[in-house]
Amino acid sequence: MEYIDENADTVLGLRSFATLPKHIVQLVLSRDEMKTAELNKFHAAHEWSKAYCEEHPAERLSDVMNPLVENIAFHKIPVMELMRDVRPLKVVPDGRIMTALAYQADPNAVEANDLQPKSRQSASSGGSSRDNSPT
């Protein structure tokens, strides 16, 4: 995992990333130590989800992406990129985007727990950041 942390941009951009099992993708995206921009994590999650939906046509893209976007800190993605690259894809609930925009406009207007990806919330509350339940 250390290699992935240090070379995240390269790893997330590999075509083979889209062929990984879902639990591995979730594990990779949930890593706090990964050195990459949150937008890169989003793009990797989106590409993986599109590939998954091609293999499982009955699945909706937004449903497949939902557990993956829980690991992305959208408030760290610049406003222009959120509005240009993320929102038009309609795979992130508008509430998540609005919270990120509200934080960027006034950090005091948003509760800290509303910003943290789920993996960081459970880790900061004393729980485990690893969820072994199937998703």
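How many helices and strands does the secondary structure of the chain come to? I get 8 helices and 0 strands, taking helices as DSSP runs of H or I with at least four residues and strands as E runs of at least two, numbered from the N terminus. Read from the N terminus on, the elements go α-α-α-α-α-α-α-α.

Ground rules before I go on. I am looking at a predicted model, where local features need pLDDT of at least 70 and side-chain atom pairs count only at pLDDT 80 or more, while totals for chains, interfaces and linings use all residues. Residues are numbered from 1 along each chain as its sequence is written, and side-chain values use heavy atoms, with hydrogens and water left out.

**Entry: whole chain**

I looked up burial for the chain and found that 34% of its 135 residues count as buried. Buried here is under 20% relative accessible area, exposed is over 50%, and partly exposed is in between (1.4 Å probe, protein chains only). The accessible surface comes to about 8100 Å², with 50% of it belonging to carbon and sulfur atoms; the areas are from the Shrake-Rupley method with a 1.4 Å probe, and for residues only the protein chains shown count as cover. I also checked contacts, meaning heavy atoms within 4.5 Å. Among those between residues at least 6 apart in sequence, 62% join residues at least 24 apart.

**Entry: Asp5**

I went to helix 1 (residues 2–6), where Asp5 lies. Is Asp5 buried or exposed? Asp5 counts as buried because its relative accessibility is 5%. Leaving aside neighbours within four places in sequence, I find Asp5 in contact with Arg31, Glu33, Met34 and Lys35.

**Entry: aromatic pairs**

My rule pairs rings of Phe, Tyr and Trp (its six-membered ring) if their centres lie within 6.5 Å; planes under 30 degrees apart are stacked, over 60 edge-to-face, and the rest tilted. The count by this rule is 2 aromatic pairs. In one, Phe42 and Phe74 have ring centres 6.1 Å apart and planes at 65 degrees, so I log the pair as edge-to-face. The pair links distant parts of the chain, 32 residues apart: Phe42 sits in helix 4 (residues 38–55), and Phe74 in the loop between helix 5 (61–69) and helix 6 (79–86). Phe42 is buried at a relative accessible area of 0%, and Phe74 counts as buried at 2%.

Trp48 and Tyr52 have ring centres 5.1 Å apart and planes at 20 degrees, so this pair is stacked. The two are 4 residues apart in helix 4, so about one helical turn separates Trp48 from Tyr52. Trp48 counts as buried at 2% relative accessibility, whereas Tyr52 counts as partly exposed at 24%.

**Entry: helix 4 against helix 6**

At what angle do helix 4 and helix 6 pack? I read about 10 degrees, with the axes 11 Å apart. Axes are lines fitted to C-alpha atoms, for helices over the stretch in contact, and angles run from 0 to 180 degrees between N-to-C directions. Helix 4 and helix 6 are therefore roughly parallel to each other; under 35 degrees counts as roughly parallel, over 145 as roughly antiparallel, 65 to 115 as roughly perpendicular and the rest as oblique. Leu39, Phe42 and His43 of helix 4 meet Glu81, Asp85 and Val86 of helix 6. By class I have 3 nonpolar, 1 polar and 2 charged residues in the contact of helix 4 with helix 6. Ala, Val, Leu, Ile, Met, Phe, Trp, Tyr, Cys and Pro go down as nonpolar, Asp, Glu, Lys and Arg as charged, and the others, Gly among them, as polar.

**Entry: helix 3 against helix 5**

Helix 3 (residues 22–29) packs on helix 5 at about 40 degrees, with the axes 9 Å apart. That makes helix 3 oblique to helix 5. I list Lys22, Val25, Gln26 and Leu29 from helix 3, and Val64, Pro67 and Leu68 from helix 5. The classes in the contact of helix 3 with helix 5 are 5 nonpolar, 1 polar and 1 charged.

Lys90 is in the loop between helix 6 and helix 7 (94–105). Its phi is near 55 degrees, a positive value in a residue other than glycine. Lys90 counts as exposed at 65% relative accessibility.

I placed Asp63 in helix 5, and Asp63 is partly exposed at a relative accessible area of 43%. Asp63 and Val91 are 28 residues apart in sequence and 8.1 Å apart in space, C-alpha to C-alpha.
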